[in-house]
Amino acid sequence: MRLHLGYVPLLDAAPLIAAAEFGFAAEEGLDLDLSAEPSWATLRDRLALGYLDGAHMLAPLALASALGFSGPPADLVVPLGLNLNGNAVTLSTGLWEAMAPADDEPQSAARAFAGLAEARRRQGRPLVLGTVHPFSCHTYALRHFLALGGLDRAAVRLVAVPPQHCVEALSRGIVDGFCAGAPWNGVAVAAGIGRIAALACEIVPDAPEKVLALSARLGEGALPLVRAVARAGLWCAEPGNRDELAHRLAARSWLGQEAALIARCLAGEIVLDGRGRRRHAPGYIRLGRPALQPGAAQLRWLLAEMREAGQIPAGEGAAGTVEAARRIYRPDLLAACGL
């Protein structure tokens, strides 16, 4: 069976890429065509309109698309999680120097950011932060980062920037900072234009980041794909496979970035600035078994964040949304794979 899957060039697309590259899909009788999509909005629309059979997708966006809150209404199911965490808040080096936080702790960075952001708002020049899509854990991490510093969300502007364009947007001064997934924060640091202010795993631990979203029309025919991607995700999580995975992901046809940088992200060895200051964060990105199950707790957290951001109904309309969301998450399909 031949399937067309979409992804956005990010480290957490690794289970899909590994399924195609390392034979997991072939062993299930599948031929996968993977297409790099230019933005999450494009991926969402192509999946909703039937041009894709499935996709590596932002967990909140999969729900929003299926519930009719973002883009064309889509008949989707989510049988599998791909990863937890993986994001970071990166600010321009000039902004970081102007903030001059007391230390490297997220709360210190958030408070220093808040002070500068308030000053800029009073001057009528609010700081601009990039997020990859409104319906994303990146948006929620930024909201929590602002709250950590005691800053009103209205003090800054949030704009949508595809993750692979965040570094360019920072270099051109279009944004003052961004929250994106690996490896793009590290790319900004390596280019000398960004300073990682906080890791999302320190602000919103174990956030359900990306999922495998599938067209419901696949039905039970989705099981071989779910099994292949789940097996690939387990393989990606093995420390002994990191170097091989990093070199494969580094190829121009996939992420097109340095293998060493990708390997550091996989290991949770994060370079924070151009001086080489590092942070050891084993939970920076979590692949494999902890991420696979699209569980009820994750669903509740996502819906709570979406509600807090004003993206889905609250009050009387909330019950119907919760029930509809439960029908989208299909852990039974993963269970049927016997992994």
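Start with helix α12: the cover over its buried residues includes α1 (14-21), α11 (223-236) and α13 (259-267). Cover here is about contact, meaning heavy atoms within 4.5 Å. Helices (H or I, at least four residues) and strands (E, at least two) are DSSP runs, numbered from the N terminus.

This is a predicted model, where local features need pLDDT of at least 70, side-chain atom pairs count only at pLDDT 80 or more, and totals for chains, interfaces and linings use all residues. Residues are numbered from 1 along each chain as its sequence is written, and side-chain values use heavy atoms, leaving out hydrogens and water.

Which residues of α12 (242-249) are buried? They are Leu245, Ala246 and Leu249. Down the axis of α12, the buried residues fall within an arc of 100° (from the directions of the helix axis to the C-beta atoms), so they line one face of the helix. Turned away from that side are the exposed Asp243 and His247.

| Side of α12 | Residues | Relative accessible area (1.4 Å probe, protein chains only) |
|---|---|---|
| Buried | Leu245, Ala246, Leu249 | under 20% |
| Exposed | Asp243, His247 | over 50% |

Now the whole protein chain: it has 17 helices and 13 strands. Its C-alpha atoms fill a box of roughly 55 × 50 × 30 Å along the principal axes. Buried residues make up 59% of its 339 residues. Of the contacts with a separation of 6 or more, 76% come from residues 24 or more positions apart.
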